[in-house]
Amino acid sequence: MMFRKLYWVTEQLDAEGRSAITGVFTSAPDLIGKGLVWCDCTEKRAGFRLTLIALDRAGKPLGTWTGPDFAGMSEDLKAFVDTGEFSVEEYGELCQSVDHFAKATA
């Protein structure tokens, strides 16, 4: 059995693309409930980036998506449903929440 713990990293970007990490979340529900918000901890407000990282995999992230549209995210995350790392319900809630956040910040 594969052990892989997934983490979500949220970042806010400035106009030049420089980022400030605003959170690290250990589950899709945690990201949905706490992470899809603009943090007042930084003045960077030109963009918002979500990155999916595997604890047991150094180097390249599993996925990175930048708002406002988070292009390709819903399609990319389907693979994690197939592996059982996200339930169908988590996948649906995550896609819906990211879409809602994107529309609210556009």
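**A loop residue and its setting**

Modeller: Glutamate 85 counts as buried because its relative accessibility is 18%; buried means under 20% relative accessible area, exposed over 50%, and partly exposed in between, with a 1.4 Å probe and protein chains only. The model is predicted, so local features need pLDDT of at least 70 and side-chain atom pairs count only at pLDDT 80 or more, while totals for chains, interfaces and linings use all residues. Residues are numbered from 1 along each chain as its sequence is written, and side-chain values use heavy atoms, leaving out hydrogens and water.

Glutamate 85 lies in the loop that runs between helix H2 (73–82) and helix H3 (88–105). Helices (H or I, at least four residues) and strands (E, at least two) are DSSP runs, numbered from the N terminus. The side chain of glutamate 85 forms a polar contact of 2.8 Å with the side chain of threonine 83. Such a contact is a pair of N or O atoms within 3.5 Å; within protein, one must be able to donate a hydrogen and the other to accept it, and residues adjacent in sequence count only if both atoms are side-chain atoms.

A nonpolar core is a set of buried Ala, Val, Leu, Ile, Met, Phe, Trp, Tyr and Cys residues joined through side-chain atoms within 4.5 Å. This core has 21 residues, of which Trp8, Leu50, Phe70 and Leu77 touch the most other members. H3 gives the largest share, 5 residues. Leaving aside residues up to four places away in sequence, phenylalanine 70 touches Phe48, Leu50, Trp65, Val98, Phe101 and Ala102, contact meaning heavy atoms within 4.5 Å.

The sheet comprises 4 strands in the order S2-S1-S3-S4; it is open and its pairing is antiparallel. Its edge strands, S2 (19–25) and S4 (63–66), each pair on one side only. Two strands pair if DSSP finds at least two bridges between them. Strand S3 (residues 47–54) is joined to S4 by 4 bridges, and threonine 51 stands opposite threonine 64 in S4.

Alanine 46, in the loop between helix H1 (28–35) and S3, counts as exposed because its relative accessibility is 56%. Residues up to four places away in sequence aside, alanine 46 touches Leu13, Asp14 and Ala15.
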